Amino acid sequence: MSQWNQVQQLEIKFLEQVDQFYDDNFPMEIRHLLAQWIENQDWEAASNNETMATILLQNLLIQLDEQLGRVSKEKNLLLIHNLKRIRKILQGKFHGNPMHVAVVISNCLREERRILAAANMPVQGPLEKSLQNSSVSERQRNVEHKVAAIKNSVQMTEQDTKYLEDLQDEFDYRYKTIQTMDQSDKNSAMMNQEVLTLQEMLNSLDFKRKEALSKMTQIIHETDLLMNNMLIEELQDWKRRQQIACIGGPLHNVLNQLQNCFTLLAESLFQLRRQLEKLEEQSTKMTYEGDPIPMQRTHMLERVTFLIYNLFKNSFVVERQPCMPTHPQRPLVLKTLIQFTVKLRLLIKLPELNYQVKVKASIDKNVSTLSNRRFVLCGTNVKAMSIEESSNGSLSVEFRHLQPKEMKSSAGGKGNEGCHMVTEELHSITFETQICLYGLTMDLETSSLPVVMISNVSQLPNAWASIIWYNVSTNDSQNLVFFNNPPPATLSQLLEVMSWQFSSYVGRGLNSDQLNMLAEKLTVHSGYTDGHLTWAKFCKEHLPGKSFTFWTWLEAILDLIKKHILPLWIDGYVMGFVSKEKERLLLKDKMPGTFLLRFSESHLGGITFTWVDHSENGEVRFHSVEPYNKGRLSALPFADILRDYKVIMAENIPENPLKYLYPDIPKDKAFGKHYSSQLGEVSRPTERGDKGYVPSVFIPISTIRSDSTEPHSPSDLLPMSPSVYAVLRENLSPTTIETAMKSPYSAE
């Protein structure tokens with residue numbers, strides 16, 4: 001079943017997450033129509049290869065044209081219109097930057113895999129539970145309801161202001177009429193009646209002015225409470241969700257809802273400000289003793305102006321944190337002289353601001369809080385925000401060509417470019433802008449989450465560990481001295497984040513058994529107390545009896561899965577995290593030939609398999625092959641190794657001991673689709689022997705001596721010529737040989 005078909009079968013709460021990351025950058029219609037073709041392309045590789053990305057973009061447009069031709073025959077007018085529009089958007093947006101479309105599609109596919117993995121996990125961790133708290137969504141609904149109520153109240157005071165203006169105009173007209181009357185008329189009864197009418201009108205005007213000001217005061221009070229007690233809290237929750245999403249957690253994108261609330265409040269406050277200005281004009285034209293406008297308007301205007309500034313200050317956010325396009329799954333780690341992208345957004349969407357807000361990016365602005373290492377940003381660091389910049393119509397700006405460069409030391413010597421960088425050192429990228437609107441000038445500033453600077457990709461794993469620890473341990477978005485005294489993290493949260501690393505990076509998270517094994521590995525000595533784990537135990541101290549840390553070991557496994565056994569991992573056939581003791585407990589009662597796959601605890605980035613059999617006297621025996629590392633797996637696919645693996649016993653007869661994947665899955669049923677060749681696909685010596693060479697096939701073979709239960713010199717790759725294979729067929733049954741010759745011969 002294709003990945004897209006699996007996505008479509010998810011529950012509605014997971015489908016809502018999928019819906020959030022499909023937009024005009026990569027419309028869901030294209031994902032649906034070209035599902036199989038999209039999944040068959042290597043978008044991640046293309047995101048780092050411009051030539052490959054260009055070819056894939058051209059092929060994508062060709063595939064779209066073919067779909068257009070098909071739907072044209074079906075006369076589906078709506079779909080024809082949408083496909084033409086989408087093709088135009090894709091061609092215009094990515095023509096000059098084909099690698100960007102590869103990054104976008106790669107990220108979408110990865111998010112799908114993460115959501116699928118989350119849907120298959122039986123238990124949510126504490127972090128994810130806190131993010132999906134029902135009270136959070138209830139508060140969001142309350143915020144939207146109160147914002148709408150404030151908007152309606154301002155509309156009502158708009159009518160009050162207009163009524164006051166009409167009432168004052170009528171009073172002014174009557175008053176001037178009396179002034180123009182003859183002296184004899186002024187003493188008449190009609191004149192006395194007119195004066196009484198004017199007095200009543202003045203009383204009514206005074207009452208209405210006080211009433212209008214009272215309503216406005218109440219609106220200001222309610223807006224203040226809403227902003228500080230609910231809206232800002234909702235924004236802080238989004239920022240916390242963004243922190244969690246940066247380290248692989250679930251994506252909860254509520255910015256569109258927040259933008260709607262911020263924009264409506266801003267419109268209401270500006271409207272209220274204009275109403276106060278109108279009241280001032282009315283008071284200037286006509287005032288009287290005890291007039292409430294001069295006494296209250298100034299203070300009210302100050303409060304409204306402060307609320308507007310506070311609203312704008314909080315609306316200026318980093319929508320997408322700094323990330324190198326070459327490492328989309330490792331945001332907040334930046335390499336010197338390598339471009340990174342970052343996206344800013346103003347949650348107040350007013351047409352008057354389009355192309356009027358210029359944003360400047362800088363790094364380490366508050367140098368007093370940092371170390372002696374200083375950086376500058378090369379590239380275009382000033383850009384204007386625009387509605388057209390974003391596919392969802394928000395007012396935003398994306399910096400795509402910024403490069404951090406280390407400055408020379410103040411002593412005049414060379415900087416630290418190319419030297420080892422401290423991966424626990426945090427830096428911040430700051431963004432500044434000035435907004436001039438309706439007579440107000442507002443200076444705004446926001447910052448990215450702390451970033452780690454590296455000079456070599458070999459520092460990436462430890463830098464990423466720092467990013468994980470920071471964002472799982474604190475809600476503070478600007479604690480640049482965090483690692484001077486890093487706090488411990490709870491084991492339950494840390495295990496949850498470890499599972500996210502696997503779901504986001506390699507498409508399948510960890511189950512409870514796998515997490516229990518990691519917990520045991522982390523808690524074997526004193527770094528674990530009261531449910532908490534220290535930073536040193538996680539990333540700095542070597543594991544007992546080993547020459548590497550826990551994180552180095554885990555990161556090597558992630559790299560192994562990504563590059564060599566990804567399909568097997570996604571299918572769930574790699575148990576991976578299981579101790580030797582647990583392994584034997586699982587296998588001891590199984591049929592001979594049952595095996596399982598686990599990651600090596602003694603070799604970095606190694607995977608091994610263990611099988612069970614019985615001796616002649618019925619004794620249960622376990623055999624574990626020496627771990628395969630990336631060097632060996634680069635020469636031969638792991639699925640082929642499992643298919644072709646042979647053991648030479650004392651009788652010197654090679655046989656494949658691997659029959660059933662734990663618990664009882666026939667080996668070929670589990671791995672058959674991953675073999676690099678099909679059954680019986682064996683080349684004859686003459687078919688590719690035009691250079692005079694005899695073709696050969698590599699078979700992984702181990703030798704087990706009669707006095708040993710462990711393979712000797714395991715997994716050596718020995719060439720087997722067709723003539724040797726023919727001899728084996730004469731002496732061995734097909735069942736014994738199995739599928740040893742399924743790999744294609746090599747003519748090299």
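## Basis of the description

Helices (H or I, at least four residues) and strands (E, at least two) are DSSP runs, numbered from the N terminus. The structure is a predicted model, in which local features need pLDDT of at least 70 and side-chain atom pairs count only at pLDDT 80 or more, while totals for chains, interfaces and linings use all residues. Residues are numbered from 1 along each chain as its sequence is written, and side-chain values use heavy atoms, with hydrogens and water left out.

## Backbone exceptions in loops

Most residues other than glycine have a negative phi, and most peptide bonds are trans. The bond that joins Tyr-662 to Pro-663 is cis, its omega being near 5°. Pro-663 belongs to the loop that runs between strand 20 (660-661) and strand 21 (665-666).

Two residues other than glycine have a positive phi: Leu-332, at about 75°, and Tyr-355, near 65°. Leu-332 is placed in the loop between strand 1 (316-323) and strand 2 (333-335), and Tyr-355 in the loop between strand 3 (340-346) and strand 4 (358-363). For accessibility, buried means under 20% relative accessible area, exposed over 50%, and partly exposed in between (1.4 Å probe, protein chains only). Leu-332 is buried, its relative accessible area being 0%, whereas Tyr-355 is partly exposed at 46%.

Two strands are said to pair if DSSP finds at least two bridges between them. In the order 1-3-7-5, four strands form an open sheet with antiparallel pairing. Strand 1 and strand 5 (375-378) are at the edges and have a single partner strand each, so one side of each lacks a neighbour in the sheet. From one strand to the next, the twist averages 35°.

Four bridges connect strand 5 with strand 7 (residues 395-406) in the antiparallel sense. Across this pairing, Phe-375 has Glu-406 of strand 7 as its bridge partner, and Leu-377 has Pro-404. Helix 13 (residues 255-285) packs on the sheet and touches strand 1, strand 3 and strand 7, its direction making about 35° with that of strand 3. Contact here means heavy atoms within 4.5 Å; axes are lines fitted to C-alpha atoms, for helices over the stretch in contact, and angles run from 0 to 180 degrees between N-to-C directions. Helix 14 (residues 292-315) also packs on the sheet, where it touches strand 1 and strand 3, and its direction makes about 15° with that of strand 1.

In a regular strand the side chains alternate between the two faces of the sheet. On strand 5, Phe-375 and Leu-377 make up the covered face, and Val-376 and Cys-378 the uncovered one.

Five strands, in the order 17-16-15-20-21, form an open sheet with mixed pairing. Its edge strands are strand 17 (620-624) and strand 21, each of which pairs on one side only. Strand 15 (residues 594-599) pairs with strand 20 in the parallel sense over two bridges, and Thr-594 stands opposite Tyr-660 of strand 20.

Two helices pack on this sheet. Helix 19 (residues 550-570) touches strand 15 and strand 16 (607-614), with a direction at about 150° to that of strand 15. Helix 20 (residues 580-587) touches strand 15, strand 16 and strand 17, and its direction makes about 160° with that of strand 15.

## Helix 16

Helix 16 (residues 491-506) contains 16 residues, and the distance from its first C-alpha to its last is 22 Å. This is close to the expected 22 Å, where the expected span is 1.5 Å times one less than the number of residues. The helix is mostly covered, with 14 of its 16 residues buried. Gly-507 follows helix 16 and has a positive phi, near 80°.

## Aromatic rings

The whole structure holds 27 aromatic pairs. Rings of Phe, Tyr and Trp (its six-membered ring) pair if their centres lie within 6.5 Å; planes under 30 degrees apart count as stacked, over 60 as edge-to-face and the rest as tilted. One of the pairs joins Phe-609 and Trp-611, which is tilted because the planes stand at 35°, with the ring centres 6.3 Å apart. Phe-609 and Trp-611 are both buried.

A charge sits over a ring if NZ of Lys or CZ of Arg is within 6 Å of the ring centre and within 35 degrees of the ring normal. Lys-521 lies over the face of Trp-553, 4.7 Å from the ring centre, and Arg-632 over the face of Tyr-628, at 6.0 Å from the ring centre.
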